[in-house]
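Thanks for coming, everyone. I'll take this one quickly. Have a look at the chain first, then we'll walk through it.

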Amino acid sequence: MGRGRLVGEHRDEVVVQVDVVPDGRRLEEVTTSLQRLARVIDGDPDARQAVLLLLDQGDFTATADIAAIPPHKVFRLQCDWEKFDQSRISIHGVNDNGQIVVTLPED
């Protein structure tokens with residue numbers, strides 16, 4: 001079964017790694033806590049800031065007020081994949097000519 005994981009944060013970017021379920025669907029929701037996320041991003045205690053950056057993009061929502069939630073409280077982080085795909089560069093791999101194949105954001 002697939003899992004979603006917040007992997008890290010770099011300045012104003014948040015890197016999200018999402019493992020897919022066997023039929024290729026991406027998870028729309030991950031249940032977690034700020035403590036769990038901090039462990040996933042190499043013990044960085046500022047998982048709260050990473051989630052707030054995700055939420056600021058408009059394609060992620062949370063079932064709790066992340067700015068105020070205690071680190072141990074569990075919440076659900078949800079993604080609107082249609083919005084996500086429209087606002088991110090997708091890297092598909094390398095073609096036969098050795099060129100990187102990408103899809104650019106629509107806006």
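Start with Val-94. It is exposed, at a relative accessible area of 60%. One caveat before going on: this is a predicted model. Exposed here means over 50% relative accessible area, so Val-94 qualifies.

Where does Val-94 sit? In strand β6. Val-94 belongs to a nonpolar patch on the surface, along with Ile-89, Ile-91, Ile-100, Val-102 and Leu-104. Together these residues have about 640 Å² of accessible area. Which elements give two or more residues to the patch? Strands β6, 90-94, and β7, 100-103.

Now step back to the layout. The chain has three helices and seven strands. Reading from the N terminus, the order is β-β-β-α-α-β-β-α-β-β. The chain has 107 residues, and 24% of them count as buried.

On to the inside. How many residues does the largest nonpolar core have? It has 15. The residues with the most contacts inside that core are Leu-34, Ala-47, Val-51, Phe-60, Ile-66, Phe-75 and Leu-77.

General point: oppositely charged side chains can pair when their charged atoms come close. How many salt bridges does a search of the whole structure find? One. The partners are Arg-76 and Glu-29, and their closest N and O atoms are 3.3 Å apart. This pair ties together distant parts of the chain, with Arg-76 in strand β5 and Glu-29 in strand β3. The two are 47 residues apart.

Are these two partners buried or exposed? Arg-76 has a relative accessible area of 37%, so it is partly exposed. Glu-29 comes in at 35%, so it is partly exposed too. Both values fall in the band between the 20% and 50% cut-offs.

Last item: charge on the surface. Which residues gather in a patch of negative charge? Glu-28, Asp-80, Glu-82 and Glu-106. Take Glu-28. It lies in the loop between strand β2, 13-18, and strand β3, 29-33. Its relative accessibility is 57%, so Glu-28 counts as exposed.

To recap. Over to you for comments.

Definitions and conventions. Residues numbered from 1 in each chain as written. Predicted model: local features only at pLDDT ≥ 70, side-chain atom pairs only at ≥ 80, totals over all residues. Heavy atoms only, no water. Core = buried A, V, L, I, M, F, W, Y, C linked by side-chain atoms within 4.5 Å. Buried < 20%, exposed > 50% of the residue type's maximum accessible area, 1.4 Å probe, protein only. Patch = residues over 30% accessible without salt bridge, like charges linked within 9 Å, V, L, I, M, F, W, Y side chains within 5 Å. Areas by Shrake-Rupley, 256 points an atom, 1.4 Å probe, with all protein chains shown as cover. Salt bridge = Lys/Arg side-chain N within 4 Å of Asp/Glu carboxyl O. Lys, Arg positive; Asp, Glu negative; His and termini not counted. Charge placed at Lys NZ, Arg CZ, Asp CG, Glu CD. Helix = DSSP H or I, 4+ residues; strand = E, 2+ residues; numbered from the N terminus.
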